[in-house]
Amino acid sequence: MSRARCTPRPRSSGRRLTLFDAGRPLRVPIIAIGALVLGLAGVAAARPGGGESFSGGGGHGGSSGSGGGGGGGGGVIFELLYWGIRLIFVYPAIGLPILGLVIGYLIYSAYRHQQNKDWDSGPPAELHAAIELSDVRRFDDAFSQIVFEDFAFRLFSTAHRARHSAETLATVAPYVAETARAQLAARAPVGQPVVQVVVGALRTYRVEVPDAAFDAQGRPLRMRVGLEYEANIATADHTYYTVESWLFGRDADVQSKPPGATRTFPCPNCGAPWQASQTATQVCASCGQAVDNGRFDWVVEQVSLVSSDERPPTLTTEVPERGTDLPTYRQPDVDAAWLQLTRDDAALDDAALEARLTMIYTQLNLAWSSNELGPARGLVSDGLYDYLSYWVDAYRRQGLRNVLADMRITHTAMARIARDRYFDAITIRIWATGKDYVIRTQTGAPVRGSKHRERAYSEYWTLIRTANRKGPALAVPACGNCGAPLQITQSGECEHCGAHVTAGEFDWVVEQVSLVSSDERPPTLTTEVPERGTDLPTYRQPDVDAAWLQLTRDDAALDDAALEARLTIRSPARRIAS
């Protein structure tokens, strides 16, 4: 975490310099008060997907930065306060105006903080911990978490944009049940179209998979997945930061369909463009099937608004780095998974992947710095591009530009590999540094940050590629299909060959950038865990005495003493409670 540091007090060659030194009686207190004022100013973080992060960069409810700053800061502050008080009493003509400036600055800072109180303040709700979706594959081996989360991202945005009227909400009716549509339609401000939706975080917090696909009567049982969203939702006049829970349901015997390049929501049965056979029904005009009940695909059964706060996006407040020095969370079998991936694709190795990552990192930072993401369009997924575009548009509207200079990755670590029928996903933790500051576009005047001081940070970058794609990763910005210079349309297609490339069809693209959370730590053996249930009554099987008597009759060598002696052999292991 980068911190503004107060100027250390100067030292004399032989003795402590006091306020009444004959040679320079005013220099130390004036420098000290000036340092105190300057020390109040912060350095803000920005960057694509990182420091200018959604809702203060995630990790709410316990995430904290670490590293940087060092010790001794409290002593310097007290020293500065001491000189400030001395200056007021000894030289009031100088001290009082400076005091007035300090008080004025504090009042102004408090006012600005209140005005800009948005993403860095976190949600007024406790967020869920994310869990895996692998249990869904018990009945659906074609299930892809990457595909499902992309579907959930797009449906969330599309449904919110459609919530202002029953007619527009009907366009997503096959995937959003009537109850959930009614909950969205009642969302304030009722009847106002949503113009901007940005999903900043999505977590799976609930997975229900039955023991069997059908009940005793042969009827399909239900599986359910609960997702928690953090999102920025804007109408023409209001911007809200929301935390929402969406419950998805589907019959357990349904098999996932292959992913397609289209980002629309067709009939989940026949795939035809959705059109109801009759108004206010969810019967497809093409195949005649009722399709809003989870018989063919996931449907949102319920929408719950956990919290909602009106917070316009701000680009001028400090966002400290989080978790830069925290240990890396590594999937236990990540090395074996990487070895298998490279065996399946002989052209893939550490050097090739790192070169691809470095190229994407460089190109994305250059595009971000210019307030124009077009040159990096083919290097990021559609969902990440939408997210980054929100912030670039916010900079433009405020006449600002976030400059990233001399940015470079210092080292990396493999964290996680996920593979399914359709996609391979690699999560890499990067540590990087560079100059990160914001200027006014017209004048070049600095708004925050430093043009001279570098800022170190760490993030997790997830790259995806379709599972059937093999071959070397390109280390230059070119179309992975035709090799032409990377010129990609807003819909993710190459302007030269027309191929869709932003879902990793031909090469690795960045699908997600997330900050390091203090919750992402390996299990520890040094943390006290309270005992549970020590004083609870013993549960005894009603006929346990009779059963024990019968057991000892069947085995005459077994008795209480022998069993207790066997039981009390001490084990070197100690359970780890969770």
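Buried, in these notes, means under 20% relative accessible area, exposed means over 50%, and partly exposed is anything in between (1.4 Å probe, protein chains only). I am working from a predicted model, where local features need pLDDT of at least 70 and side-chain atom pairs count only at pLDDT 80 or more, while totals for chains, interfaces and linings use all residues. Residues are numbered from 1 along each chain as its sequence is written, and side-chain values use heavy atoms, with hydrogens and water left out.

**Entry 1: salt bridges**

I began with charge pairs, taking a salt bridge as a side-chain nitrogen of Lys or Arg within 4 Å of a carboxyl oxygen of Asp or Glu. How many salt bridges does the whole structure hold? My search of it returned 22.

I looked up Arg203 and found it bridged to Glu228, with the closest N and O atoms 3.0 Å apart. Arg203 sits in strand 1 (residues 194–208) and Glu228 in strand 2 (residues 222–235), so the pair links distant parts of the chain, 25 residues apart. Strands here are DSSP runs of E, at least two residues long, and helices are runs of H or I, at least four, numbered from the N terminus. Arg203 is buried at 13% relative accessible area, and Glu228 is buried at 0%.

Next came Glu301 and Arg222, whose closest N and O atoms are 2.9 Å apart in another salt bridge. This pair also joins distant parts of the chain, Glu301 being in strand 4 (residues 299–310) and Arg222 in strand 2, 79 residues apart. Glu301 counts as buried at 18%, whereas Arg222 is partly exposed at 22%. I then saw that Arg222, Arg224, Asp251 and Glu301 are linked in a network of salt bridges.

I also noted Arg377 and Asp382, which meet at 2.7 Å, N to O. Are these two buried or exposed? Both are buried.

**Entry 2: Ser245**

I moved on to Ser245 in strand 3 (residues 239–251), which is buried at 9% relative accessible area. Contact here means heavy atoms within 4.5 Å. Leaving aside neighbours within four places in sequence, Ser245 touches Tyr205, Leu227, Glu228, Gln302, Val303, Ser304 and Val306. Glu228 in that list is the salt-bridge partner of Arg203.

**Entry 3: helix 8**

Which residues of helix 8 (residues 334–344) are buried? I found Val334, Ala337, Trp338, Leu341 and Thr342. An α-helix has 3.6 residues a turn, so residues three or four places apart point the same way. The buried residues pack against helix 9 (350–369), strand 5 (400–419) and strand 6 (423–440). On the face turned away from them I saw the exposed residues Asp335 and Arg343.

**Entry 4: cysteines**

I checked for disulfides, meaning pairs of cysteine sulfur atoms within 2.5 Å, and the count came to zero. For Cys270, the nearest cysteine sulfur is that of Cys267, 3.6 Å away. Cys270 is partly exposed at 38%. The sulfur of Cys497 is 3.7 Å from that of Cys494, its closest, which is too far for a bond. Cys497 is partly exposed too, at 34%.
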